[in-house]
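Hi everyone, thanks for making time.

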Amino acid sequence: MTTLQGKVAIVTGGSKGIGAAITRELASNGVKVAVNYNSSKESAEAIVKEIKDNGGEAIAVQADVSYVDQAKHLIEETKAAFGQLDILVNNAGITRDRSFKKLGEEDWKKVIDVNLHSVYNTTSAALTHLLESEGGRVINISSIIGQAGGFGQTNYSAAKAGMLGFTKSLALELAKTGVTVNAICPGFIETEMVMAIPEDVRAKIVAKIPTRRLGHAEEIARGVVYLAKDGAYITGQQLNINGGLYM
Ligand code: NAP
C-alpha cells in the first residue's frame, strides 16, 4: 500500500493505552477505524468523537473478543459500516500475574482466552474480507514477555508466544495472497497495564532497559502504520520495539 487513505481497520481494545495510540495514528493516516472495546464504552465513544471532529471516520463497537460470536459481530459491524476490511490489529490483552504455584485454572484460562483465543476469533471471522482487500494486513500485538518469559507470567507469556507461532504459520499460508501477518513485540510501555506494576518493581525494570526509559504507546502505533503502509514484503516477522531490552 502506498497510502492508507480510505483503508478500513479494526483495532481490538482500541480505546485505551497502546490500542488508543494505534487508533489515532491510523486515523491520522486517513484510515477508517472500528474501535473495539469490551467495557470502556466512554473512552471508545470519546476517541470516535475526537476522530470525527478531526474530519476522520470511526465507529465504536462493543465486543468481548474472547468469545467467537462477539468477535464475528465486530467484523460484521465493521463491514456493514465501511463496506470493506483491510487491516486487523489484534491488540486486546490482559494480565493476571501470579507465580505459577499460585496460578489458578481460572487465571490461566482467562488470559489465554483474551490474549490468544481472541486472535483466532477475530482473524477467522475477518479472513474472507482481508483476502478481498488489496494488501490485507494482520498485525498482532504480542510482547517481549512472549519472547523472553516473565516472572509470574506463565499464562501471559504462553499466550503471547502462542501469538508468535500463529503469526508465522498464518503468514506462510497467506503469503501468496498478498495478505501479510506480522507481530509487534513491545517492551515495557507507559500504559495502565505497566503503571499497575508497583513503583519499586517498575524502577528496577527501567534500570535494566538499555535506553533507560519506558516506551510510549505512540512508538508502537508508528510501528503498526509502518507495517500497514510499507510492509508488503514483510511477513511472518516480529517487530521488537523495546528500547533494546531483548535483542
Ligand atoms: P491496557 O491499557 O490495559 O488496555 C488493554 C485494552 O484491551 C483495553 O482497551 C481493553 O478494553 C482491551 N480488552 C481487554 N480485554 C478485552 C476483551 N475481552 N475484549 C476486547 N477488548 C479487551 O493495555 P495496553 O498496555 O495498552 O496493552 C495493549 C496490548 O499491548 C495488550 O495486548 C498487551 O498485552 C500488549 N503489550 C503491552 C505492553 C505494555 O508495556 N503496556 C507490553 C507488551 C505488550 P476495555 O477497557 O474496553 O476492556
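Before the sheet, one definition: two strands pair if DSSP finds at least two bridges between them. Helices (H or I, at least four residues) and strands (E, at least two) are DSSP runs, numbered from the N terminus. What you see is a predicted model, where local features need pLDDT of at least 70 and side-chain atom pairs count only at pLDDT 80 or more, while totals for chains, interfaces and linings use all residues. Numbering starts from 1 along each chain as its sequence is written, and side-chain values use heavy atoms, leaving out hydrogens and water.

So, how many bridges join β1 to β2? Four, and the two strands run parallel. One detail there: alanine 9 has valine 33 in β2 as its bridge partner.

Zooming out, seven strands make an open sheet with parallel pairing, ordered β3-β2-β1-β4-β5-β6-β7. β3 and β7 (238-241) are at the edges with a single partner strand each, so one side of each has no neighbour in the sheet.

Now for helix α3, residues 68-82. Ala71, Leu74, Ile75, Thr78 and Phe82 of α3 are buried, meaning under 20% relative accessible area with a 1.4 Å probe, protein chains only; exposed is over 50%, and partly exposed is in between. On the other side of α3, Asp69, Glu76 and Ala80 are exposed. Just after α3, glycine 83 takes a positive phi of about 80°. Thanks, all!
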